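Please read it alongside the sequence and the coordinates.

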Amino acid sequence: MQIMRDSSLPRLAFRALAAACCAAVIAAFAPLEERGSSAIAADAEGGRDCFFPRNVTGFRNAPEGPDGASRIYVDVRASDTFLFELFSRCGELAFARSIAFDTSAGVGRVCRGLEVDLIVPDPNLGPQRCQVKMIRRLAPG
């Protein structure tokens with residue numbers, strides 16, 4: 001990258017501009033997973049936190065929602081936890097030892113409820129699709 005120097009810019013201002021450009025380029029190409037949190041900072045579309053399903057380390061049951069809908073906590077790496085609330089009860093979710101995320105409607109990352117469905121194994125009926133209504137990142141602790 002070649003930067004043309006304008007003779008009207010003072011030398012200090014030119015150096016500050018060059019340093020800012022270099023910092024912006026380095027930040028743009030830094031891997032997302034090395035930026036402090038395992039969640040992607042904020043989705044540009046709606047200011048929501050996002051994560052990649054491959055970074056999920058576990059899940060556990062959460063108290064039912066006020067309308068009786070199933071809810072679970074999803075742990076992402078070591079530091080982030082997301083609360084998933086479903087549209088209704090998801091039969092075998094409370095007993096599931098594994099779940100899968102179907103992000104075919106989204107872009108491979110999970111940001112909001114309508115972009116992902118939970119796939120829960122059911123020993124009697126086969127895989128059960130449970131539609132997610134809401135996803136919220138919880139505060140640490």
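The points below take the disulfides, then the strands, then the salt bridges, and end with the surroundings of one aspartate. The model is predicted. A search of the whole structure finds two disulfides, and the structure holds nine salt bridges.

**Disulfides**

- Counting bonded cysteines along the chain, the disulfides follow the pattern 1-3, 2-4.
- C50 is bonded to C111, with an S to S distance of 2.0 Å. This link is right-handed, with 115° about the S-S bond.
- The C50 and C111 pair links distant parts of the chain, 61 residues apart. C50 sits in the loop between α1 (11–29) and β1 (56–61), and C111 in the loop between β4 (100–102) and β5 (117–120).
- Both C50 and C111 are buried.
- The other disulfide joins C90 to C130, with S to S at 1.7 Å. Its torsion about the S-S bond is about 55°, so this disulfide is right-handed.
- C90 lies in the loop between β3 (80–86) and β4, while C130 belongs to strand β6 (residues 128–137), so the bond ties together parts that are 40 residues apart in sequence.
- C90 counts as buried because its relative accessibility is 4%, under the 20% cut-off. C130 is buried as well, at 6%.

**Strand pairing**

- β4 and β5 pair in the antiparallel sense over three bridges. In this pairing, F101 stands opposite L118 of β5.
- β5 and β6 also run antiparallel, joined by four bridges.
- L118 has C130 as its bridge partner in β6; C130 is also the disulfide partner of C90.

**Salt bridges**

- E64 and R89 form a salt bridge, with the closest N and O atoms 2.3 Å apart. E64 is in the loop between β1 and β2 and R89 in the loop between β3 and β4, 25 residues apart.
- E64 counts as partly exposed at 42% relative accessibility, whereas R89 is exposed at 56%.
- K133 forms a salt bridge with E85, the closest N and O atoms being 3.3 Å apart. This pair links strand β6, which holds K133, to strand β3, which holds E85, across 48 residues.
- K133 is partly exposed, with a relative accessible area of 32%, whereas E85 is buried at 8%.
- Salt bridges with shared partners join E85 and K133 with D67 and R71 into one network.

- D75 is found in strand β2 (residues 71–76). D75 counts as buried because its relative accessible area is 18%, under the 20% cut-off.
- The side chains of R60 and D75 meet in a salt bridge, at 2.7 Å from N to O. R60 is in strand β1 and D75 in strand β2, 15 residues apart.
- Leaving out residues up to four places away in sequence, D75 touches N55, V56, T57, G58, R60, D80 and T81.

Terms used: Residues numbered from 1 in each chain as written. Predicted model: local features only at pLDDT ≥ 70, side-chain atom pairs only at ≥ 80, totals over all residues. Heavy atoms only, no water. Helix = DSSP H or I, 4+ residues; strand = E, 2+ residues; numbered from the N terminus. Buried < 20%, exposed > 50% of the residue type's maximum accessible area, 1.4 Å probe, protein only. Contact = heavy atoms within 4.5 Å. Disulfide = S-S within 2.5 Å. Pairing = 2+ DSSP bridges. Salt bridge = Lys/Arg side-chain N within 4 Å of Asp/Glu carboxyl O.
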